[in-house]
Amino acid sequence: MSGLTFFSKVPALKKWIPLFLVLLFFSLWFPWNNRDSGSVHSSTQLAMGTLVTVSTWGTGDVDEGKKVARIFERIRQVEAIASRQDANSPVYRINHSPQTKHVAPPEALVTIIEKGLEIRQQSQGAFDPGLASLLDLWGFTHGVPEKGALPEQNDLSAWLEKRNQFPEYGIHLNKDPNGTVTLHLDGDVFALDLGAIAKGYALDQAMATMKQSGIQDGLIIGGGDMIIAGSKGGKPWRIGIQHPRDRDKVMAQVEVMGDMALATSGDYERFFMVNGERQHHILDSKTGKPSRSGLISVSIQANEAMVADALSTAVFVLGMEKGKALIEQLDGVEGMLVQENGERWKSPQFKGQWLDEQKND
Ligand code: ADP
Ligand code: MG
């Protein structure tokens, strides 16, 4: 079962079930609504520490079961590479090795780290793929710590001090002239945690696998991330975005036809309370603490789930103003942002509507 600890949400799985049901409710067309020809077939498994649902629209293909099995298999392959809890994974081995240089890491890992470093740069460090040791200090190693406690101030200061010894960020990918990639980590303070990006990559790969198998209309959901293709027999897929402070309430609805990825990051997914303060799992590497940018929910629409996943975390840490600026600067990226004080914003091309505004539109 070690693979299931990937993003460590299993202990918090209960929290996901209402969201999952809402998503399913919005995404399913019951057969009697499809008099024309097809219907939605959904199958759910536990993968990457969360519930993953593969939904396809069609008229019933005898090989459908095999095709869906292949999609889940692809997700598990990515999980086996990018998990930092699984002692057999390359990420685990890299994080626990005394060496600082790693020659020819798996291609999938290179793709994820490369994109992670790019988004780190674009977000001025708000997205940081090297926070494993900081997450461990907070107890976010395997899900939410059972007895959540603040880390020792000394440990936090030591972490920040070590980081400050490296004015240049300490994770580097180099390609030599014959194409071999080497990954360099400058010291223990830089250890990989790909929890905010690898799930998106896995969904991109899952969708590619779906399309290669000949299925053109589908929706794959993994926790707060999803990837969409085609339509439900000419009708849009409909997805609900959960209210960040009321898990039984849908805050916004997205209707999509065609290819699109959507990811939501919030402070309500994995957290514990200390002194009335929410200690959640998205950390700000500048303070060493859970991000307090004022944002409580960020949804990002993009072409790739990997990008949507990482950017939702980046914007969450950047806050409303800088987050908006980053969304506006990037091509093909749209967003929906909610602050604790109730202020909210969505970019003009975001394919979703606030539910309380729908009647007026
Ligand atoms: P989720 O995985 O819960 O959908 P995110 O995509 O926002 O939410 O990812 C949060 C996870 O990313 C954390 O559990 C942790 O593994 C990692 N993480 C936390 N803070 C950061 C950060 N500032 N940059 C990159 N990854 C982070
Ligand atoms: Mg993310």
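Hi everyone, let's start at the metal: the magnesium ion, ligand 2, is coordinated by D309 through O and OD and by T313 through OG1, at 2.1 to 2.5 Å. Donors here are N, O and S atoms within 2.8 Å of the metal (3.2 Å for Na, K and Ca), and water is not among the atoms, so the site may look incomplete.

Some housekeeping: this is a predicted model, where local features need pLDDT of at least 70, side-chain atom pairs count only at pLDDT 80 or more, and totals for chains, interfaces and linings use all residues. Residues are numbered from 1 along each chain as its sequence is written, chains are lettered from A and ligands numbered from 1 in the order in which they are written, and side-chain values use heavy atoms, with hydrogens and water left out.

D309 and T313 are separated by about one helical turn because they sit 4 residues apart in helix α8, residues 305–318. Helices are DSSP runs (H or I, at least four residues), as are strands (E, at least two), numbered from the N terminus. Both D309 and T313 are buried, meaning under 20% relative accessible area (1.4 Å probe, protein chains only).

Now, the pockets. A pocket is an open set of points on a 1 Å grid over the protein atoms alone where a 1.4 Å probe fits, with protein on both sides within 12 Å along at least five of seven lines; lining residues have an atom within 4 Å of a point. Volume is the space filled by probe spheres set on the points, which are joined across faces, edges and corners. Helix α6 (residues 153–164) gives the largest share of that pocket's lining, 4 residues.

The second largest pocket has a volume of about 210 Å³. Of its 14 lining residues, H243, K249, M251, R344 and D356 are the closest to its centre. Strand β9 (246–256) and β16 (334–339) each supply at least two lining residues. Thanks, all!

Methods
Buried means under 20% relative accessible area, exposed over 50%, partly exposed in between (1.4 Å probe, protein chains only).
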